[in-house]
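Have a look at the sequence and the 3D view, then read on.

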Amino acid sequence: MKLCIAEKPSVARDLAKILGASTKKDGYFEGNGYWVSWTFGHLCTLKEPEDYNPVWKQWRVEDLPIVPDSFGIKVISNDGVKKQFEVIKQLVASCEEVINCGDAGQEGELIQRWVLLKASCKKPVKRLWISSLTDEAIKEGFSKLKKGS
């Protein structure tokens, strides 16, 4: 199966319709060799200072600057977000490839890359690059998928 990840549920519905993924599941659509899932915008965020060191929860001048050895990301603390992330993580583990269907632009790319990083994606990634959600634009975009790199 190919996993398509859109930035929001309404876009996932549009993509699923065109791809023939007409079976609604919990957190995704399925059909015709595709799983089509979605984020709700940002599912992940940068870790907070206290995620690196509990002492950094209360800022003190003597602890500044607060700079971790390396920056990390975490799933946003919200039950709906956590549930959807787990759906995506399971699909990523089971798919043959991922198609990043996030919004074109830097923020859309960041949202998708953080989710795939947090889901430990090791599968090949392709990029759907469209600026319109017309049926024709979606079909053309899928016929011209870009390399994820």
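## Cysteines

A disulfide is a pair of cysteine sulfur atoms within 2.5 Å. How many disulfides does a search of the whole structure find? The search turns up 0. Take Cys4, which is in no disulfide: the nearest cysteine sulfur belongs to Cys101 and sits 4.3 Å away. Cys95 is in no disulfide either, and its nearest cysteine sulfur, that of Cys121, lies 6.2 Å off.

Are these two buried or exposed? Buried means under 20% relative accessible area, exposed means over 50%, and partly exposed is in between (1.4 Å probe, protein chains only). Cys4 counts as buried because its relative accessibility is 0%, and Cys95 counts as buried because its value is 4%.

## Around Trp35

Trp35 belongs to strand 4, residues 34-38 (strands are DSSP runs of E, at least two residues, numbered from the N terminus). With a relative accessible area of 12%, Trp35 is buried.

Leaving out residues up to four places away in sequence, Trp35 touches Cys4 and Cys95, among others including Met1, Tyr28, Phe29 and Leu91; contact means heavy atoms within 4.5 Å.

## About the model

This is a predicted model, where local features need pLDDT of at least 70, side-chain atom pairs count only at pLDDT 80 or more, and totals for chains, interfaces and linings use all residues. Residues are numbered from 1 along each chain as its sequence is written, and side-chain values use heavy atoms, with hydrogens and water left out.

Definitions and conventions:
Helix = DSSP H or I, 4+ residues; strand = E, 2+ residues; numbered from the N terminus.
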